[in-house]
Amino acid sequence: MDVASGSVGARVRLVLDEIRSAALRVGRAPEAIRLIAVSKNVPVERLREAVDGGIRHVGENRLQEALPKIEALDRDDVIWHFIGRLQRRKVKSVVGRFETIHSVDSLALAEEIGRRAQEAGLRQRILLEVNLGGEASKGGFESGALLAALPALNGLLSLDIRGLMTIPPPSTLAEDARPYFRRLRELAQMLTAQGCANINMQELSMGMSHDYQVAVEEGATWVRVGTAIFGARHD
Ligand SMILES: *Cc1c(COP(=O)(O)O)cnc(C)c1O
């Protein structure tokens, strides 16, 4: 796909078309997949073009970039997602401001979010990030550690745990990501079978610009797409 040409609005339509085709290829309802436009390093004016092109879900991975952008965009109809590594001391500023935190990568972080959500009198929606590639450089629960943490997570009543998120090891070939996406789906099924009353595993946040079509084929309910919408970042 040529991401260097075309307007942001045209690229949003293209990505939505590709999501639809991928869903139909495997017999899924296209409405079951929602697109998050990842606007890190993207100026607010370009983000506004995406919103004018129909984007309603926006993802940011750094709090200090996201907060001024939320204010500058000033759109009540846009829903914000936190998708980056989250330090515990920043939890207080994230809770309640972002609809879903996709990147909860440890029990300690989940507990801190639960504590801050309780203080704020709300339930914070989160996803649990899983490190399936065993990469030391990346955050996320190992599958076994996640299974072990499940009872403790189930007791955090100020959390609304909706599912799993993963970022596969980097590869230029989209197909290389398929086994990881499949494993995330299977892990969600296995965790569901544990029967934790307060943990729901219906959401799978997986797939980025180069592999979101494969992710949709493997069951993604959220795809997080930056470059294919906004063009190459200089980061
Ligand atoms: C940057 C980022 C994305 C989007 O990546 P692209 O390859 O630009 O689509 C998705 N998820 C996370 C967690 C990110 O940090």
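Helices (H or I, at least four residues) and strands (E, at least two) are DSSP runs, numbered here from the N terminus. The structure is a predicted model, so to speak a computed one, in which local features need pLDDT of at least 70, side-chain atom pairs count only at pLDDT 80 or more, and totals for chains, interfaces and linings use all residues. Asn41 is found in the loop that runs between strand 1 (34–38) and helix 2 (44–52). Its phi is near 65°, a positive value in a residue other than glycine. Asp74 shows a positive phi as well, near 55°, and is likewise not a glycine; this residue belongs to the loop between helix 3 (63–73) and strand 3 (79–82). As background, most residues other than glycine have a negative phi. For accessibility, buried means under 20% relative accessible area, exposed over 50%, and partly exposed in between (1.4 Å probe, protein chains only). Asn41 counts as partly exposed because its relative accessibility is 41%, while Asp74, at 60%, is exposed.

Now for the ligand. Its surroundings are made up of Val38, Lys40, Asn61, Ile83, Ile167, Met208, Ser209, Arg224, Val225, Gly226, Thr227 and Arg233, where a residue is taken as near a molecule if one of its heavy atoms lies within 4 Å of it. Sorted by type, this shell holds five nonpolar, four polar and three charged residues. In that sorting, Ala, Val, Leu, Ile, Met, Phe, Trp, Tyr, Cys and Pro count as nonpolar, Asp, Glu, Lys and Arg as charged, and the others, Gly among them, as polar.

A polar side-chain atom of Ser209 is 2.5 Å from an oxygen atom of the ligand, and an N or O atom in the side chain of Lys40 is 2.6 Å from a ligand oxygen. With Arg224, the ligand atom is a nitrogen, 2.9 Å from an N or O atom of the side chain. On its own the ligand has 390 Å² of accessible area, and the protein covers 90% of that (Shrake-Rupley method, 1.4 Å probe).

The ligand sits in the largest pocket, meaning that more than half of its atoms lie within 2 Å of the pocket's grid points. A pocket here is an open set of points on a 1 Å grid over the protein atoms alone, where a 1.4 Å probe fits, with protein on both sides within 12 Å along at least five of seven lines.

Elsewhere, a couple of side-chain pairs are worth a look. They are polar contacts, that is, pairs of N or O atoms within 3.5 Å, one able to donate a hydrogen and the other to accept it; residues adjacent in sequence count only if both atoms are side-chain atoms. Glu203, in strand 7 (residues 199–205), makes such a contact through its side chain with the side chain of Arg34, at 2.7 Å. Glu203 counts as buried because its relative accessible area is 9%. Thr100 is part of strand 4 (residues 100–104), and its side chain is joined to that of Glu99 by a polar contact of 3.5 Å. Thr100 is buried too, with a relative accessible area of 3%.

Val44 is found in helix 2 and is buried, at 14% relative accessible area. Val44 and Ile33 are 11 residues apart along the chain, and their C-alpha atoms are separated by 25 Å. Gly144, in helix 6 (residues 143–154), counts as exposed because its relative accessibility is 51%. From Gly144 to Gln64 the separation is 80 residues in sequence and 33 Å in space, C-alpha to C-alpha.

Methods. Residues numbered from 1 in each chain as written. Heavy atoms only, no water. 1 Å grid on protein atoms, 1.4 Å probe; cavity = no way out; pocket = protein on both sides within 12 Å on 5 of 7 lines; lining within 4 Å.
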